[in-house]
Amino acid sequence: MIRTYALLAWTWTRAAAQYPVSFALMTAGGVVVGGLDIAAIWVIFANTGTLAGFGLTEVMFLYGASQLAFALADLLFGNLDRISRHIVSGTLDVMLIRPAAPFVQVASDRFTPHRIGRSIQAGAVLAVGLSRLDVPLGRVWMVPVMVVSGVVIFAALFTLGGALQFLLTAAPEVANAFTYGGATLTQYPLSVYDPRIVRGLTFGLPLAFVNWQPGLYVLGRPDPLGLPSWTGLLSPAAALALAAVAALAWRAGIRRYRSTGS
Amino acid sequence: MTVIPGHGAAVSLYPRLAWYGFRRHATYWAAALAGAFTNTVFGVLRAYVLIALWQARPGLGGYDAADAVTFTFLTQAFIGPMQLFGGGLDLPERIRTGDVALDLVRPASLQLWCLSEDLGRAVYLFVVRGGPPTLVGALLFGIVAPHAPAAFFLSVALGVVVSFAWRYIVALATCWVMDDRGLAVLSMVLTTFFSGLMLPLTIFPGWFGDLSRALPWSAMAQVPADVYLGTADPARALGFQALWAAVLLALGALMTGAARRKVVIQGG
Amino acid sequence: MIEADGAGRTFRVRGRVVHAVRDLSFRVAAGEFVACLGPNGAGKSTTIKMLTGILTPTSGRVRVAGLDPSRRRTALARRIGVVFGQRTTLWWDLPLRDSLELVRLLYKVDRKVFRERLDEMCDLLDLGGFLATPVRQLSLGQRMRGDIAAALLHDPVVLVLDEPTIGLDVVSKAEVRDFLRRRCAEHGTTVLLTTHDLGDVERLCRRVLLIDHGRLAFDGTVDELRATAPGRASIEDVVAELYLRSRTTPRTPPLPLPAPDGPSATA
């Protein structure tokens, strides 16, 4: 699986290298789009010192962690949201006659490293936020764990979005509400949302485990909903559970395709 | 359809093109509903962030919290009709394939032709992609009633024209700039940020705020929303939009002429 | 090598059940060259998709190269080669050589074996001149030769060709047919091809399967096919007549022909 992915990703990277100007523009475009979100945070904190109980450095930390996870998941699995185009144009048939998993082929299709620019940008915001926060060494180890868990959660969301497109071939944009919506949702502390939504994001669709619960643990802040502080340590478990659901959904989607072949 | 040059043809041609634009987009109803769903979800997320901000700073930018929520769902509703993320025109594709040469030799203005189709598209998307976010916003959070409904609809129409005039310029620039994707990204960045889609322009600080409110993109979302909320003088707001519409349409007309000369002399 | 036993496939179209293929039974022995004919929408595509593991049959049983295609898709992919005339399996922006190298890695073909096969293919298909050209810049004839080379690099025992000569000029068609005949005969490859070009059938295949309305309407040699419509000069005319017959015969009885001097004469 990993070998095939690396092989196909490397192939697409070389294909993209044939258009260096386009590559540079797409990289710059990604960084500028990410810059807009940062500019929005700047405008908000030009008007207020705290948002829903959190200051600028804490928001930078939460933003950086979730966006780094999202950018990496988007880099590796973002092309899953093109599945409906593969279904409509018939290229999924070509993938099904090759001796490799369609998941790997779709995820690596048109892989370009330009999305790495966005990851570096988010990583920089995370680093600046962390450096100003004074987090004790005993809790810093949680930061890489939460980023990796976040990557898995967003990758699972891309997979679920892809699986959904097997049903909604004519309306693939619905998947964006979950993938890009999840990325937007986790930009700000979840305390801005209604507690019922936050509960749904903790016990249902586990987006609270991207940066909110583990972030509270790193920051040493109590959960506004009163959950114990070790809840944040459950991020890897929540990520794996969602990944399992996504894998089942993807398999069901492929099975449905093979039994309708639209 | 054959167009017979003459007096009667021009009168009925453009309304008919608008009707075709409407019908063409009506065939993609599933995609439009999916877009409306996504716009609604993002509207809910944005609304909570703005509520938190207005809790910290009541009365910020001349809005109260209800105004801010209304602003959010209105601007989300504008994404479809105003094409705030870009696109909506066939022109870049037709320039890439060279088909634009056929369009430029028609006995009708290319710019008016595209504008008519785009207005038809906008009417359809105003209903299908604008309705759901507004409705859900009203049900979940409650939104305020329009201050001057007639002026608001006029302002939306002018906003569509400004949006079209801008997208037409960006599309036609493909004749001279090789990479159209770079232009599309640049246009999207400018439009999403300076239209008021990300945050109300009224809370942008200092000279940056003054500048952003004077730029043409504010005519696409900020100004119609302000006319709805009654936070802008309708006459001045409509005048501002009309001015930008005239300037951008004139620029587009100049570029059309230049493109025609380029195609005729260099053969595309 | 290829077996279908009562294979069928239904689709649900707006709540109605449509039989794309029903009760299809045939056997293709190793090394046979078989053409699959049928008018547009007759079920050829569905059949090909069932045989290659892209679609799962809703009834009956299919076996290709000893495997159930829908259960053992990946294992089957290593034993069969597929060429789609209407779309390429190569990588659009890569030079042909890199695309073939990628196929080698995907199918895990030994480097030395790959070299030998590629040399053979370059000889027979005359690929040498455009190995370094990106696929998107190839002419249709060059691209098709590249696609055929890619489908044969792992030396499949079964080769499935879906309209392999569509859109090619006369010279390219002749080259492709020559190559397929020689190479597949030498390697004992079993070939199933769909086509609308009866030149393919006459020059490549001894046996013909005719699929119509989702059923097997004819299974026999080209000569036997000719015998079904005696008096027809070319095989094109024979097949045209078969298609027309099948359009008027099923379900509804044929309409009575109007009398020569019009309906008023009978009134």
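In chain B, the span of residues 26-49 is 92% helix and 0% strand, with its end C-alpha atoms 34 Å apart, where helices (H or I, at least four residues) and strands (E, at least two) are DSSP runs numbered from the N terminus. The model is a predicted one, in which local features need pLDDT of at least 70 and side-chain atom pairs count only at pLDDT 80 or more, while totals for chains, interfaces and linings use all residues. Residues are numbered from 1 along each chain as its sequence is written, and chains are lettered from A, and ligands numbered from 1, in the order in which they are written.

The unreviewed UniProt entry lists residues 26-49 of chain B under "transmembrane region", together with 122-144, 150-170, 182-208 and 238-259; such annotations, given in the numbering used here with shortened feature names, may be inferred rather than shown by experiment. Residues 122-144 of chain B are 74% helix and 0% strand, and the end C-alpha atoms of this span lie 24 Å apart.

The contact between the two chains takes 30 residues from chain A and 29 residues from chain B, residues being in contact if their C-beta atoms, placed from the backbone, lie within 7 Å. On the side of chain B that touches chain A, helix 2 (29-56) and helix 9 (180-194) of chain B are the elements that give two or more residues, and helix 2 of chain B supplies the largest share, 15 residues.

For chain C, the unreviewed UniProt entry lists residues 2-238 as "domain: ABC transporter", a span that is 38% helix and 27% strand, with end C-alpha atoms 27 Å apart.
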